[in-house]
Amino acid sequence: MRTAEPTPPIPRKRGYPVHCDVAVLGGGMSGMATAARLQARGLRTVVLEAHGHLGGCAGYYRRRGFSFDVGATTLVDFQTGGVGDELLTSIGMPVLDAEPLPGYQAWLPDRQVTLYRDAADWHPERLRTLGDSPSHRAFWTDFDTIAEVFWAASQAGVRLPLRRPADLVYNVRALGPRNLPLARHLYSTLGDLLRRHGLRDDAALVGLLSMLIEDTVHSGVDQAPLINAALGATIRGAGLTRARGGMGGFWRRFTAHYRALGGDVRTACAATRVTGGSDGFTVHTRRGLVHAAQVVSALPAQTTAALGPPQIAARLARYLHRDRDAQGGALMVFLGVPDREVAGHTFTHHQILLDYRRPLGDGNNMFVSVSAPGDIESAPAGHRAVMISTHCELGDWHGLDPGEYTVRKKETTERLIDAARLVYPQLGDHPLILESGTPLTYQRFAFRPGGAVGGTRQTLRNTNQHAIPHSLGVRGFHLVGDSTWPGLGTVACVIGSRIVADAVLRSTRRARETRAER
């Protein structure tokens with residue numbers, strides 16, 4: 001039963017200054033989830049979002065009756081008992097009006113693999129298509145065990161990096177005493193596990209795993225931490241869900257519920273500076289001032305350092321220096337097409353790898369997401385919204401003159417559509433909408449520094465115990481989102497929102513106890 005009671009709406013003007021308990025900077029998944037949790041627990045929250053739409057890297061835009069997802073196209077683990085379901089339950093929101101995906105199709109250079117959501121279908125499929133040797137079976141046994149244990153720990157709210165003895169105690173309970181030996185994998189990569197089983201040179205297996213972890217961990221098999229890679233490669237088993245209307249439909253419903261709780265969302269309202277400290281903060285915007293007892297920054301770490309109090313910038317400096325070369329971008333193509341151009345497939349989501357030997361990205365590993373038939377929130381009747389995405393290097397798109405940029409963008413768009421025709425041969429023959437995005441698009445419209453999206457590429461040097469913490473020692477100032485642990489994707493942002501909301505509530509209780517003692 002969903003029992004959260006809405007906070008009575010706070011009488012306030014739409015003008016400025018604004019007074020609240022918590023100002024949340026950034027209206028993406030982590031920011032909105034944190035704000036909704038706190039609002040449902042009785043705190044007065046205000047979300048400040050620079051863009052005209054909420055969502056961040058899980059956002060959307062609309063064009064001529066189509067709604068296109070600009071980053072994440074699915075929600076992870078929002079089914080009963082999952083991380084996303086815990087969020088909805090905690091804020092009293094009804095279950096999603098959504099389509100649980102049965103899985104998706106992977107198109108490798110020499111074979112097709114169906115990545116079923118149901119383990120009973122996936123386990124025989126992977127042996128049939130990727131190898132059924134004793135080494136393959138042993139590899140999958142280890143891989144599954146790591147994924148299952150750490151998914152359960154994630155759902156229990158495991159806390160990293162460890163900052164105090166209480167975090168260690170909490171994590172031991174979340175992991176379970178019997179599973180503590182698996183913590184040794186914090187220091188291994190996926191490549192290490194493959195080599196242990198003699199499978200590092202298995203092109204098909206490594207190719208498939210490489211695609212899955214690039215999309216979730218943003219690293220190669222030899223750099224990706226094993227635990228993170230196991231979680232990232234098994235997200236469909238945790239449940240992929242596409243909301244009716246895509247991310248646009250999700251955000252309309254989520255925002256309506258947050259406002260019904262009494263929450264305040266201010267879009268097209270960028271924070272420019274945060275001043276103050278433990279006695280309270282002032283968030284400066286171009287529209288006016290927001291006074292808050294606490295601040296949660298759901299902005300990228302680089303942006304947080306630029307606008308936060310000086311002590312925050314100082315404490316983020318070493319992390320930003322460490323991760324300066326670990327950022328990546330994305331390329332997107334958006335198509336609004338007649339139904340017939342994407343007909344004939346059971347699955348609406350597909351992942352394509354063109355060449356085992358080439359580096360991933362720039363179309364060699366791309367994801368194709370198609371709205372469900374009959375979803376008229378995503379596309380007009382008789383039509384579908386199609387999103388094609390791939391990763392890219394940021395440097396390839398900066399320093400171009402306007403002519404060079406236009407040519408490269410056009411060539412990239414054509415190349416991605418041509419590759420997607422491996423699945424849908426008629427795709428793009430008669431599009432009503434054909435648009436594309438590059439890192440410069442994300443820089444301009446999503447305000448991501450340099451156009452970097454999805455968080456830092458995860459390695460043993462910068463994740464888990466070495467991740468940017470949610471607190472940098474400035475009382476009342478918290479960080480959440482893909483720059484902090486657990487990192488990338490909607491499910492990671494939801495987990496982070498729970499950790500940070502709990503920290504804000506603890507800080508609120510301490511402040512109230514201190515005032516009562518006085």
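Sheet, cores, cysteines and salt bridges

In this predicted model, an open, mixed sheet is built from seven strands, ordered β8-β7-β15-β16-β17-β14-β18.

Q: What makes β8 and β18 the edge strands of this sheet?
A: Strands β8 (111-116) and β18 (433-437) each pair on one side only. Neighbouring strands of the sheet are turned by 15° against each other on average, direction ignored.

Q: How do you know that β14 and β18 pair?
A: Pairing requires at least two bridges between the strands. Strand β14 (residues 329-338) and β18 have five bridges, in the antiparallel sense, so they count as a pair. Within β18, Glu435 stands opposite Phe334.

Q: Which helix lies across β7 and β8?
A: Helix α3 (residues 119-130) does, running at about 165° to β8. Helix α7 (residues 203-216) also packs on the sheet, where it touches β7, β8, β15, β16 and β17.

Q: Which residues have the most contacts inside the largest nonpolar core?
A: They are Phe139, Leu190, Leu208, Phe250 and Phe254, in a core of 93 residues. Leaving aside neighbours within four places in sequence, Leu208 is in contact with Ala106, Leu108, Val113, Leu115, Trp122 and Leu130. A second, separate core has 25 residues, among them Ala271 and Val283.

Q: Why is Cys493 called buried and Cys57 partly exposed?
A: Buried means under 20% relative accessible area, and partly exposed lies between that and 50%. Cys493 has 10%, so it is buried. Cys57 has 22%, so it is partly exposed.

Q: Why is the contact between Asp97 and Arg244 called a salt bridge?
A: The cut-off is a side-chain nitrogen within 4 Å of a carboxyl oxygen. The N to O distance here is 2.4 Å, so the pair qualifies. The structure has 26 salt bridges.

Q: What makes the Asp97 and Arg244 pair a tie between parts apart in sequence?
A: Asp97 lies in the loop between α2 and β6, and Arg244 in the loop between β9 and α10, so the tied parts are 147 residues apart in sequence. Asp97 is partly exposed at 35% relative accessibility.

Q: How do you know that Arg159 and Asp167 form a salt bridge?
A: Their N to O distance is 3.8 Å, so it falls within the 4 Å cut-off. Both residues are buried.

How values were computed. Residues are numbered from 1 along each chain as its sequence is written. This is a predicted model: local features need pLDDT of at least 70, side-chain atom pairs count only at pLDDT 80 or more; totals for chains, interfaces and linings use all residues. Side-chain values use heavy atoms; hydrogens and water are left out. A nonpolar core is a set of buried Ala, Val, Leu, Ile, Met, Phe, Trp, Tyr and Cys residues joined through side-chain atoms within 4.5 Å. Buried means under 20% relative accessible area, exposed over 50%, partly exposed in between (1.4 Å probe, protein chains only). Contact means heavy atoms within 4.5 Å. Helices (H or I, at least four residues) and strands (E, at least two) are DSSP runs, numbered from the N terminus. Axes are lines fitted to C-alpha atoms, for helices over the stretch in contact, and angles run from 0 to 180 degrees between N-to-C directions.
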